[in-house]
Amino acid sequence: GDLSTVMDKLAVNFGVEITKIVPGYVSTEVDARLSFDTEGTIVKAKRIIDLYKEAGIDKSRILIKIAATYEGIKAAETLEKEGITCNLTLVFSKAQAIACAEAGCTLISPFVGRIMDWYKK
């Protein structure tokens with residue numbers, strides 16, 4: 001297989017091991033190069049979920065980690081409607097957080113370093 005497939009399998013293998021020791025969700029990231037590709041993000045997220053399923057891990061344990069670009073938020077909105085939970089990351093602004101919430105994202109991860117930068121002004 002190609003490098004992308006190998007990396008997906010590696011990430012899922014790490015995730016499978018983490019599910020054995022950590023209760024609740026485990027996040028697995030969609031390739032950052034897809035951050036501005038809504039359809040590509042959706043396809044990759046579904047592939048990751050399929051790999052977990054092949055390993056015997058239900059999608060209810062998995063959060064798909066997606067960059068909170070416009071395209072990423074749109075992808076997450078579609079995925080959430082299909083029952084795939086998403087963790088939106090690289091949230092730098094209130095507008096991004098609101099857009100993620102309105103899209104129904106399960107988890108919104110603000111970039112804490114930027115919050116501290118704002119607070120220290």
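**Group meeting: a quick tour of the fold**

Hi everyone. Going along the sequence, the pattern of this protein reads α-β-α-β-α-β-α-β-α, with helices (H or I, at least four residues) and strands (E, at least two) taken as DSSP runs and numbered from the N terminus. The radius of gyration, taken over C-alpha atoms, is 15 Å, close to the 14 Å of the globule rule for 121 residues, so the protein is as compact as a globular protein of that length. That rule is 2.2 Å times the number of residues to the power 0.38.

A word on the source: this is a predicted model, where local features need pLDDT of at least 70 and side-chain atom pairs count only at pLDDT 80 or more, while totals for chains, interfaces and linings use all residues. Residues are numbered from 1 along each chain as its sequence is written, and side-chain values use heavy atoms, with hydrogens and water left out.

On to the overall picture. The C-alpha atoms fill a box of roughly 45 × 30 × 25 Å along the principal axes. Buried residues (under 20% relative accessible area, 1.4 Å probe, protein chains only) make up 36% of the 121. Of the contacts (heavy atoms within 4.5 Å) between residues at least 6 apart in sequence, 50% join residues at least 24 apart.

Now let's zoom in on one residue. Where is Thr69 found? Thr69 sits in the loop between strand 2 (62–67) and helix 3 (70–81). Thr69 counts as buried because its relative accessibility is 14%. Beyond its neighbours within four places in sequence, Thr69 is in contact with Ser35 and Phe36. Thanks, everyone!

Conventions
Buried means under 20% relative accessible area, exposed over 50%, partly exposed in between (1.4 Å probe, protein chains only).
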